Amino acid sequence: MDNAIRQAVSMLKKCRKAVALTGAGVSTESGIPDFRSAGGLWSRFDPFEYATLGAFQRDPHRVWQMLKELLTLVECRPNRGHEALARLEEMGIVQGIITQNIDGLHQRAGSCQVVEFHGSMASFSCPVCGKMLPLAAVREMALPPLCTGCRSVLKPDVVFFDEQIPPKALLDTEELLCGVDLLLVVGTSCEVMPAALIPRQVLGQGGNLIEINLVPVLAGTARISLAGKFTEVMSAIVDQMAKS
Ligand SMILES: [Zn+2]
C-alpha cells in the first residue's frame with residue numbers, strides 16, 4: 001500500500017492537470033450510507049416512486065417523506081477525506097472536483113472548484129413559478145416547504161432519476177475536464193450514467209486514472225487502484241505529498 005501511495009503521489013506531482021470524480025463512497029464515513037446500499041435511502045424508498053419528477057408532480061407530499069430524510073442527511077459533517085481533497089486543491093495539485101453527491105460536504109470541507117453533477121440540497125425551487133429559496137430558509141419552514149410566492153410545494157435542486165443533468169453542470173464538467181491528464185476516481189463504482197462516461201473521456205484524451213475505492217472496480221483501466229477507506233487513503237496521500 002505504501003508503495004502504491006508513493007506512486008500515486010508521484011503521478012499527482014508530475015501530471016499537467018488533475019481532477020477528482022467523487023461518489024457516494026466519500027460520504028459514507030460522514031454517516032451517509034450509499035443510497036443504493038442495503039440500508040441506504042433506496043432500500044426504504046423506491047427511487048422510481050420517490051425520486052422522479054413524474055412522482056413529484058403527481059404527489060409532492062409523498063415525495064417529501066423521502067426528502068425529509070435527505071434533509072437530515074445534509075446535517076452530516078465532512079470527514080478527513082473531504083478535508084484532504086480540499087487540501088490537495090489548496091496545494092495546487094487538484095484543480096477541481098466533479099461530484100455525484102448532493103450533500104455539499106466537499107464545499108463545507110473547503111473545496112472551491114466543485115461541480116455538482118446531480119445538483120444539490122443547497123437550494124430549492126418552485127416548479128410552478130421558478131422562485132428559488134436557499135436551504136437555510138427551507139430549514140425554518142414547516143415541511144413540505146411551500147413557495148413564498150405561489151404556495152406550491154418546493155423541490156430541491158437535485159437531479160431526479162427522470163431528469164437531465166443541468167446544462168450548466170455539463171458545461172462546467174467539460175471545462176474542468178479540458179486538458180486533464182489525471183483523474184482521481186474516488187468512492188464511486190462508475191455505474192450511474194452519464195457520470196460513468198467521465199473516466200472514459202479522460203482515458204480517451206490520453207489521461208490516466210487513479211482509483212480510490214473500498215473495493216476497486218477499475219482494476220483493468222486504472223493505472224493505480226488504492227483499496228481502502230476514503231479517509232485513510234486520502235490522508236496518506238496528503239501526508240506523503242507533504243513529505244516528498
Ligand atoms: Zn411558486
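Entry on the pockets. I began with the lining of the largest pocket, where α5 gives the largest share, four residues. For the terms, helices (H or I, at least four residues) and strands (E, at least two) are DSSP runs, numbered from the N terminus. A pocket is found on a 1 Å grid over the protein atoms alone, as an open set of points where a 1.4 Å probe fits, with protein on both sides within 12 Å along at least five of seven lines, and lining residues have an atom within 4 Å of a point.

Before going further I noted that this is a predicted model, in which local features need pLDDT of at least 70, side-chain atom pairs count only at pLDDT 80 or more, and totals for chains, interfaces and linings use all residues. Residues are numbered from 1 along each chain as its sequence is written, and side-chain values use heavy atoms, with hydrogens and water left out.

I then looked up the space in the largest pocket and found about 1100 Å³, where a volume is the space filled by probe spheres set on the grid points, which are joined across faces, edges and corners. Its lining has 46 residues, and those nearest the centre are Gly23, Ala24, Asp34, Arg36 and Asn101. The elements that give two or more residues to this lining are α5 (60-73) and β8 (208-213). By class I read 26 nonpolar, 13 polar and seven charged residues in the lining of the largest pocket, with Ala, Val, Leu, Ile, Met, Phe, Trp, Tyr, Cys and Pro counted as nonpolar, Asp, Glu, Lys and Arg as charged, and the others, Gly among them, as polar.

The second largest pocket has a volume of about 210 Å³, and 13 residues line it, with Gly119, Ser120, Asp157, Val158 and Pro166 nearest its centre. At least two residues of this lining come from each of β4 (119-125) and β6 (155-158), and β4 gives the most, four residues.

Entry on the domains. Where does the largest pocket lie? Domain 1 (1-32 + 78-118 + 164-244) and domain 2 (33-75 + 119-158) both give residues to its lining, so the largest pocket lies between them; the bounds come from an automatic or database domain assignment. The second largest pocket also has lining residues from both domain 1 and domain 2, so it lies between them. I noted that 27 Å separate the centres of the two domains, taken over C-alpha atoms. Their contact takes 14 residues from domain 1 and 12 residues from domain 2, contact meaning heavy atoms within 4.5 Å.

Entry on the strands. I found that β2 (residues 94-99) has five of its six residues buried, where buried means under 20% relative accessible area, exposed over 50%, and partly exposed in between (1.4 Å probe, protein chains only). Strand β1 (residues 18-22) runs parallel to β2 and is joined to it by four bridges, and two strands pair if DSSP finds at least two bridges between them. Within this pair, Ala18 has Val94 as its bridge partner. Three bridges join β2 to strand β3 (residues 114-116), also in parallel, and there Ile97 stands opposite Val114.

Entry on one residue. Is Asn208 buried, partly exposed or exposed? Asn208, which lies in strand β8, is partly exposed, with a relative accessible area of 23%. Leaving aside neighbours within four places in sequence, I listed its contacts as Met11, Asp181, Leu182, Leu183, Val202 and Arg223.
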